[in-house]
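Grab the model and work through these exercises with it open. Try each task yourself before you read the solution.

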Amino acid sequence: MSCYLYAENFPDRGSVYVRENGQLYKANQASGGVNNSDPKPRPSRLFSKGFSVELYVNRENDNGRTDHFIFTYTKKGNLRYSAKSLFSLVLSYIADNIHHVDSLVDFPEQIAEKLFYAADARQKFTEPRTGLCALQKFIDAYGSLVLQTLCLKNGYLVISEKLEEIKSFRDLTCLDLSFCKLGDEHELLDHITNRTLSSLTRLFLKDNCLSDAGLRKMTAPVRVMKRGLENLSVLDLSCNPGITRLGLRYLLPFKKLNCLDLSGTCLKDTNAVVCWIQTQIGLAHSEVPLKAFDHNSCKTEGWAEQTILQWEHAVQEAIKPQESLKSRTAAQLFYGKRARTEEPLELEPSENLQFYRPRAEMLNLPVLIGKSEELQKKKKRASAEHEEQRFKSKQLSFSVADWDLLNSY
């Protein structure tokens with residue numbers, strides 16, 4: 001006897017068929033008789049009318065799904081109902097409870113990367129209480145693989161909200177803090193100069209309200225204890241009007257510095273500054289903008305790239321104006337009241353003060369220039385003497401008729 005799914009939804013079960021002696025007979029439920037006519041079964045449903053199927057591509061990263069079964073389609077278009085792999089189930093379970101893991105040291109990197117992405121899909125690193133602890137476990141075990149370069153350009157709100165999380169990244173090689181208005185006393189500047197960020201090679205501090213005091217504080221570990229930013233090769237200090245010529249002496253301990261940007265600072269006598277930097281630091285002035293200070297090429301790279309984007313998105317959502325404030329703004333505009341807007345402070349365009357370290361064969365360029373000038377002067381003198389001798393020889397070679405012609409004038 002055939003069986004129908006969801007029988008409670010179908011009170012009229014239709015005809016009953018009986019197989020007897022190799023033949024199929026239709027039994028009439030009302031009279032109990034048997035009819036051996038051709039069977040015409042009514043169509044049955046495998047699922048109820050309200051049942052819906054979501055197509056799911058079988059991947060190891062389940063994006064936070066908690067069910068243990070998935071629906072897939074075969075090549076022929078048939079629906080297949082299969083279970084997840086054991087690896088995917090275990091990975092999901094550990095990602096859900098990542099804050100309870102003691103350590104990930106000596107754990108395989110290939111599996112750790114999948115575990116990080118699974119935890120990131122569940123937004124475990126954005127939780128206020130356990131997010132920092134979970135992120136710290138990956139950083140302690142894998143260092144620069146979690147995050148190698150960090151771009152927080154114009155991200156002062158992200159810095160204020162996620163300062164402790166940002167300070168946990170200790171193996172950065174590039175850090176972009178342009179347009180963040182940090183100032184000389186910000187806690188993040190103390191962290192940058194700490195020994196934990198000795199791997200930093202590129203640092204962008206454009207438009208951060210820095211002064212000579214900030215430079216002195218930032219370079220103190222290098223000057224006194226010979227540690228901190230000793231590996232720094234690219235430094236951007238542009239658009240900081242508080243930096244004067246007195247603060248340039250704090251840059252002397254950076255022996256590996258190859259590129260320096262001082263545009264938009266309070267450096268008046270540019271010729272003297274160029275000469276001082278060339279003699280004291282060994283950097284030559286660049287007439288054209290250097291590619292090292294092109295901020296468009298700087299971007300966040302590492303496992304935590306999507307995590308940083310989640311932080312930025314959360315901050316942007318938090319600062320959006322509420323719906324209740326829109327009517328108030330409309331009323332102010334209707335009655336003529338205008339909100340006071342502060343115009344952004346625009347720095348006056350100044351001369352390009354970008355410096356680079358020339359190649360070894362170009363180090364003695366000033367000496368070569370001086371020698372070349374002396375050679376040119378000697379050549380000019382020699383040519384003048386040669387012309388004078390030619391003129392005298394021409395005078396001696398004049399004939400008597402020529403002299404008479406000249407005397408007639």
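A crossing is called right-handed if the near helix is turned clockwise from the far one by less than a right angle, and left-handed if anticlockwise. Keep in mind that this is a predicted model.

**Exercise 1. Work out how helix H1 passes H2: at what angle, and with which hand.**

Step 1: Find the two axes. Those of H1 (residues 86-96) and H2 come within 9 Å and cross at roughly 60 degrees.

Step 2: H1 passes H2 in a right-handed crossing.

**Exercise 2. List the residues through which H1 and H2 meet, and sort them by class.**

Step 1: On the H1 side, pick out Phe 87, Leu 91, Ile 94 and Ala 95. Across from them, H2 brings Ile 111, Lys 114, Leu 115, Ala 118 and Ala 119.

Step 2: Sort them. The contact has 8 nonpolar, no polar and 1 charged residues; Lys counts as charged.

Step 3: Zoom in on Leu 91, which sits in helix H1. With a relative accessibility of 6%, Leu 91 counts as buried, because the cut-off is under 20%.

Step 4: Take a distance from there.

**Exercise 3. Count the aromatic pairs, then describe the one formed by Phe 116 and Phe 138.**

Step 1: Ring centres have to lie within 6.5 Å to pair. That rule gives 7 aromatic pairs.

Step 2: Phe 116 and Phe 138 sit 5.0 Å apart centre to centre, with 90 degrees between the planes, so they're edge-to-face, given that the cut-off for this class is over 60.

Step 3: Phe 116 belongs to helix H2 (residues 109-121) and Phe 138 to helix H3 (residues 131-142), so the pair ties together parts 22 residues apart in sequence.

Step 4: Check burial. Phe 116 is buried, at a relative accessible area of 0%, and Phe 138 is also buried at 0%.

**Exercise 4. Find out what Phe 125 does with Phe 138, and which residues make up the ring cluster.**

Step 1: Phe 125 and Phe 138 form an edge-to-face pair, 5.9 Å centre to centre and 85 degrees between the planes.

Step 2: Phe 125 lies in the loop between H2 and H3 while Phe 138 is in helix H3, so this pair ties together parts 13 residues apart in sequence. Both residues are buried.

Notes: Residues are numbered from 1 along each chain as its sequence is written. This is a predicted model: local features need pLDDT of at least 70, side-chain atom pairs count only at pLDDT 80 or more; totals for chains, interfaces and linings use all residues. Side-chain values use heavy atoms; hydrogens and water are left out. Rings of Phe, Tyr and Trp (its six-membered ring) pair if their centres lie within 6.5 Å; planes under 30 degrees apart count as stacked, over 60 as edge-to-face and the rest as tilted. Helices (H or I, at least four residues) and strands (E, at least two) are DSSP runs, numbered from the N terminus. Buried means under 20% relative accessible area, exposed over 50%, partly exposed in between (1.4 Å probe, protein chains only). Axes are lines fitted to C-alpha atoms, for helices over the stretch in contact, and angles run from 0 to 180 degrees between N-to-C directions. Contact means heavy atoms within 4.5 Å.
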